[in-house]
Amino acid sequence: MTDTLGLYLHIPFCRSRCRYCGFYSNAALPPDAYVEAMLREMEGYRRSFSMEVDTVYLGGGTPSALSAAQLARLMDGVRRSFAVRDDAEITMEMNPCDMTEGYLSCARALGINRLSVGVQSKDDRLLRIIGRRHTAAEAEQAVKRAFLAGFRNISIDLMYELPGQSPADFERSLLWAMHLPVTHLSVYSLILEEGTRFAQLADEGKLPRPSESGSWAMYQAMCRIPPHYGFRRYEISSFARPGFESRHNRKYWRLDPYLGLGPSACSRIGRERWQVLPGTRRYMKELLAGRGAPMEKDRLSEAEEMEEYCFLHLRMREGIGRADFEARYGAPIERWYGRELALLKKEKLLAEKDGQIFLTYRGAALGNTVFEAFLRSDEEDGNI
Ligand code: SF4
């Protein structure tokens, strides 16, 4: 575990809702009262942590729906309440529609040094279908504008398996992305999240889905094209130019300490986990009345943490380090997973080199099957 802290600020507001999105957010602009509530939540943590903050992540929702003045207040609050390192990675998710020259230079002046832009596709028809507000040309201009404004660490998101998307469509999006001034790429397949418009259409049989061979071709394109252009796949869905891996996201995968602020945000310090309950109105009401954010707390058992340790580490290219596992849990990994490791290696889903156990190409494609093998029943741990 590192001795630094990651800080996450959840901004649960979007100007409109995308049809696939299952994140917690409200279709509205952030009111000043929300910013005030979050400042109070931060103040409540002042002096609670001796750790320095080396990553800050503004996610959502759409953080760029904040006005420049609101963003400045939040960043000022972060620095007043936490010891933010000078070299901290400070990421902000942005919607291309919000990335004006003025807004970008304000973000830079506030110390934001990494952007994550929801670009999703090069295909305007698909962008309309999934409910994005921008065209591909607008997204491209926004990324280039960010580069001209001085941002040298820009990540974009792309999606595949979209309704009506062919492998050739997706390849075009990937190739287009390779020529943008970006250092990082997150690529996600469409997941039908419960409660979304797409999930509803799928239930009604009205959502075109790709064939198995189409999905496989898109997956292969994702694995093949970015590395060809110098992006290394360092996590199941993430590609980066050397040195531009997301330091903040790595904290999640490595079980390092992070603190989440805002409704639905999660925190983890050691085995303690807590989540601010979703519900923006209640969050604002409680904090503005001088009380704490409503939360649910949880302490992981060793078995639960070990499961998470295994499948989160396996998401990363480096996988599970034998020495690190043993130092953390006091015995070789075989003590708990001997049978599973042998089987997964035999099936060529896992491989091992220099003390690191990691997913093979085939294993990464069947990630969930591998992860399930690391679930431990309560009975096995004698908890029943
Ligand atoms: S995908 Fe992003 S912009 Fe769209 S609704 Fe979800 S959080 Fe908002």
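The buried residues of helix H2 are covered by, among others, strand S1 (4-11), helix H1 (32-45), strand S4 (52-60), strand S5 (84-94) and helix H3 (101-109). Helices (H or I, at least four residues) and strands (E, at least two) are DSSP runs, numbered from the N terminus. The model is a predicted one, in which local features need pLDDT of at least 70 and side-chain atom pairs count only at pLDDT 80 or more, while totals for chains, interfaces and linings use all residues. Residues are numbered from 1 along each chain as its sequence is written, and side-chain values use heavy atoms, with hydrogens and water left out.

Back to H2 itself. Its buried residues (under 20% relative accessible area, 1.4 Å probe, protein chains only) are Gln-70, Leu-71, Leu-74, Met-75, Gly-77, Val-78 and Ser-81. Seen down the axis of H2, they fall within an arc of 155°, taken from the directions from the helix axis to the C-beta atoms, so they line one face of the helix.

Of its 112 residues, Leu-71 and Leu-115 touch the most other members. H1 gives the most to this core, with seven residues. Domain 1 (4-252) and domain 2 (302-381) both contribute, so the core lies between them; these bounds come from an automatic or database domain assignment. Setting aside residues up to four places away in sequence, Leu-115 touches Met-92, Met-94, Met-99, Leu-104, Ala-146, Phe-151, Asn-153, Ile-154 and Ser-155, where contact means heavy atoms within 4.5 Å.

As for the two domains, their C-alpha centres lie 29 Å apart, and 12 residues of domain 1 are in contact with 10 residues of domain 2. Together they bury about 980 Å², 54% of it on carbon and sulfur atoms, counting the accessible area (1.4 Å probe) that two parts lose on being put together, summed over both. Tyr-219, Glu-235 and Ile-236 supply 43% of the area that domain 1 buries against domain 2, more than any other three residues.

Finally, there is Asn-95, which sits in the loop between S5 and H3. Asn-95 is buried, with a relative accessible area of 8%. Leaving out residues up to four places away in sequence, Asn-95 touches Thr-62, Ser-64, Arg-132, Arg-133 and His-134.

Technical notes
Buried means under 20% relative accessible area, exposed over 50%, partly exposed in between (1.4 Å probe, protein chains only). A nonpolar core is a set of buried Ala, Val, Leu, Ile, Met, Phe, Trp, Tyr and Cys residues joined through side-chain atoms within 4.5 Å.
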